[in-house]
Amino acid sequence: MKKSRTGGQTGARAFFSQWGMFFRQFVRHPGMIGSIIPSSSALVDRMLETVDWRGTRLFVEYGPGVGTFTRTILDRLPADATLLAIDLNLDFVAYLEAQIDDPRLRVVHGSAADVRRFIREAGHYQADYVLSGIPFSTLPGGVGAAICAETRAALRPGGAFLIYQYSRFVRRLLAPVFDDVTDEREWRNIPPCHLIRATRTQDLAQAA
Ligand SMILES: C[S@@+](CC[C@H](N)C(=O)[O-])C[C@H]1O[C@@H](n2cnc3c(N)ncnc32)[C@H](O)[C@@H]1O
């Protein structure tokens, strides 16, 4: 199968291929995947609407799965920017590498807890945005807290951690490390989703 720059298969074939792949992975690893179907396009648009694309050099995505967000991010990302996608599931990593051929995309296999190492290996220092679809409420003990702390350290001052989740559980992990956290709802998704935005506030000395 020929892969396109950011699309891979198109139309109904792509839709069923992605949903089939996603469902099979959910059956194998329910706790890691956390959802039976990919996110809706309404959720993707809503999550990404606050992103300042022109000022983005490094965008990090945790848990890209079959690329539901990845393709839209690449559609909007500047030509000289990088999208670093990190997934713990090797089948999803192989699927994305086969489906999307874009020099701005770097897909890595591993845990989001190692985000700073992956950023360094990609030749960057800090991220402008980190987007996460990881199911925080079903992660093994301590992993969620470690991911939140590492993410704060990985963001540039003023950068944002954008999280879509079915529950508000992650807020208790964000509270000790981020001082600015907002929470909205998107109903046009199955099931409806929390849209959480945690910002790494600017240090006063840097903002002046
Ligand atoms: C709910 S799916 C989201 C898939 C896709 N982004 C979407 O919106 O349809 C969760 C994803 O998080 C990944 N994941 C779970 N734990 C992870 C971790 N510690 N680090 C990186 N990815 C992880 C899973 O493999 C899966 O791809």
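Predicted model: local features only at pLDDT ≥ 70, side-chain atom pairs only at ≥ 80, totals over all residues.
Me: How far apart do the end C-alpha atoms of residues 60-159 lie?
Reply: The span is 36% helix and 25% strand. Its end C-alpha atoms are separated by 11 Å.

Me: In what order do the 7 strands of the open sheet run?
Reply: The pairing in this sheet is mixed. Strand 3 (105-109) and strand 6 (180-186) are the edge strands, each pairing on one side only. Neighbouring strands are turned by 15° against each other on average, direction ignored. The order is 3-2-1-4-5-7-6.

Me: What angle does the direction of helix 5 make with that of strand 3?
Reply: Helix 5 (residues 90-99) packs on the sheet. There, helix 5 touches strand 2 and strand 3. With the direction of strand 3, that of helix 5 makes about 160°.

Me: Does Ile100 count as buried or exposed?
Reply: Ile100 is placed in the loop between helix 5 and strand 3. A residue needs 20 or more C-beta neighbours within 10 Å to be called buried. Because Ile100 has 23 C-beta neighbours inside 10 Å, Ile100 counts as buried.

Me: How far apart in space are Ile100 and Thr70, C-alpha to C-alpha?
Reply: Along the sequence, Ile100 and Thr70 are 30 residues apart. In space, their C-alpha atoms are separated by 9.1 Å.

Me: What distance separates the C-alpha atoms of Pro140 and Arg71?
Reply: Pro140 and Arg71 are 69 residues apart along the chain. The distance between their C-alpha atoms is 29 Å.

Me: Which elements give two or more residues to the shell around the ligand?
Reply: The ligand is surrounded by 22 residues, the closest being Pro38, Ser39, Gly63, Gly65 and Gly133. By class, the shell has 12 nonpolar, 9 polar and 1 charged residues. The elements that give two or more residues are helix 2 (30-33) and strand 2 (82-87).

Conventions. Residues numbered from 1 in each chain as written. Near = placed C-beta within 6 Å. Helix = DSSP H or I, 4+ residues; strand = E, 2+ residues; numbered from the N terminus. Nonpolar A, V, L, I, M, F, W, Y, C, P; charged D, E, K, R; others polar. Pairing = 2+ DSSP bridges. Axes fitted to C-alpha atoms, helices over the stretch in contact; angles between N-to-C directions. Contact = placed C-beta atoms within 7 Å. Buried ≥ 20, exposed ≤ 12 C-beta atoms within 10 Å, placed from the backbone.
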